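Subject: Structure handover

Hi,

Here is the structure we talked about. Please load it first, then read the notes below.

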Amino acid sequence: MKTIGIIPARYASTRFPAKPLAVLGGKPVIQRVYEQVSGVLDDVLVATDDERIFRAVEGFGGKVCMTSTSHRSGTDRIREAYENLGQPYDVVVNIQGDEPFIQASQIRTVVSCFDDPATQIATLVKPFVPADGCAALFNVNSPKVVVDNEMRALYFSRSVIPYLRGVPQEDWLSRHTFYKHIGLYAYRSDTLLEITRLPQSSLELAESLEQLRWLQNGYVIKVGVSDVETIGIDTPEDLARAEEFLKQLKK
C-alpha cells in the first residue's frame with residue numbers, strides 16, 4: 001500500500017495569522033510537523049496558498065506545492081495537491097499543520113485501518129479518562145464520536161454522545177467510555193476525489209463538522225484508537241504551552 005501525507009498550510013487564520021511560520025523551539029511549526037511524519041509514510045508534501053510558507057518549506061528541504069487561495073477546507077486543498085502530483089497513491093493522509101507533536105504511532109494506526117477493504121476513510125480517537133474531568137468532556141470545541149462494534153463511526157458531535165440517562169453527569173466518565181475525536185484523517189485516493197465534490201450537508205452545517213458530510217452520504221469511516229495526547233496550536237497561547245511542553249520533552 002503506497003501512502004502519502006499531505007499537510008495543508010494556509011497563512012491566513014482568524015485566531016493566529018501566520019501560524020505555520022510561528023517559531024517553536026527554534027523551528028517553524030510547519031517544519032516540526034513535517035519532520036514528525038517524515039519516514040513514516042512513503043512521501044510527505046506541504047500544500048500551501050502562500051509564497052512565504054512555500055519558501056520556508058523549501059528552505060528546510062521539504063517538498064511543497066502551491067494551491068488555490070479559495071479552498072473551503074483543508075480536504076479541498078489536499079485534493080488539488082494530490083491531483084497535481086500526477087502519480088497514484090493508495091492512501092492519502094491529511095496531516096494537520098498545527099500538530100507539531102503528532103506521533104508516528106498515530107500515523108501508523110490510522111493507515112492500518114485500511115487493512116479492512118471496506119474502509120474508505122479513517123480517523124483517530126482518544127478515550128476520555130476520569131482524570132480529564134467533566135469540563136473536557138463537555139467542551140464543545142472537542143468533538144466526540146460514537147462507534148459501532150466494528151469501530152466504524154456512527155456519529156460525530158460537539159455534544160456529549162451518548163447521553164447517559166439516569167446517571168449524574170459527574171459520574172459519566174466512570175460509567176462509560178467516551179471517545180474524543182483527533183483530527184487526523186486518511187482517505188483512499190478515489191474516495192478523496194469523491195468527497196471533495198459533495199455539497200455541504202445539513203448535519204455538517206448544524207455541527208460545523210466536515211466529517212458529517214461524509215457520513216450523511218454513506219461513506220464508511222473506520223476509527224483507530226490512540227492513547228497519545230498531543231498539543232495542537234490554534235492560538236498564540238497554545239504556542240506558549242507547546243514551548244513549555246517541548247522543554248519538558250528535552251529534559
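Over which ring does the charged end of Lys 2 sit? The ring is that of Tyr 89, and the charged end of Lys 2 is 4.7 Å from its centre. Keep in mind that this is a predicted model. A further charge of this kind belongs to Lys 180. Its charged end sits over the ring of Phe 128, 5.8 Å from the ring centre.

**Aromatic pairs**

There are nine aromatic pairs in the structure. One of them joins Tyr 34 and Phe 60. Their ring centres are 5.5 Å apart. The planes meet at 65°, and edge-to-face pairs need over 60, so this pair is edge-to-face. Tyr 34 belongs to helix 1, residues 29–37. Phe 60 is in the loop between helix 2 (51–59) and strand 5 (64–66). The two parts are 26 residues apart in sequence, so the pair ties together separate stretches of the chain. Tyr 34 has 11% relative accessibility; the limit for buried is under 20%, so Tyr 34 counts as buried.

Elsewhere, ring pairs link four residues into a cluster: Phe 138, Tyr 163, Trp 172 and Phe 178.

**Helix 1**

Helix 1 is mostly covered, with seven of its nine residues buried. Those buried are Val 29, Ile 30, Gln 31, Arg 32, Val 33, Tyr 34 and Val 37. Gly 39 follows the helix, and its phi is positive, near 90°.

**Nonpolar cores**

In soluble globular proteins, nonpolar side chains tend to be buried together. The largest nonpolar core here has 36 residues. Which of them touch the most other members? They are Ile 7, Val 93, Ile 95 and Ile 107. Helix 1 supplies the largest share of this core, five residues.

Take Ile 95 in detail. Leaving out residues up to four places away in sequence, Ile 95 touches Gly 5, Ile 6, Ile 7, Pro 8, Val 33, Val 37, Leu 41, Ile 102, Ile 107 and Leu 184. A second, separate core holds 28 residues. Among them are Ile 4, Tyr 89, Val 145 and Ala 153. Tyr 89 also carries the Lys 2 charge over its ring.

**Cysteines**

Cys 134 is at 28%, so Cys 134 counts as partly exposed.

Best wishes

Notes. Residues are numbered from 1 along each chain as its sequence is written. This is a predicted model: local features need pLDDT of at least 70, side-chain atom pairs count only at pLDDT 80 or more; totals for chains, interfaces and linings use all residues. Side-chain values use heavy atoms; hydrogens and water are left out. Buried means under 20% relative accessible area, exposed over 50%, partly exposed in between (1.4 Å probe, protein chains only). Rings of Phe, Tyr and Trp (its six-membered ring) pair if their centres lie within 6.5 Å; planes under 30 degrees apart count as stacked, over 60 as edge-to-face and the rest as tilted. Helices (H or I, at least four residues) and strands (E, at least two) are DSSP runs, numbered from the N terminus. A charge sits over a ring if NZ of Lys or CZ of Arg is within 6 Å of the ring centre and within 35 degrees of the ring normal. A nonpolar core is a set of buried Ala, Val, Leu, Ile, Met, Phe, Trp, Tyr and Cys residues joined through side-chain atoms within 4.5 Å. Contact means heavy atoms within 4.5 Å.
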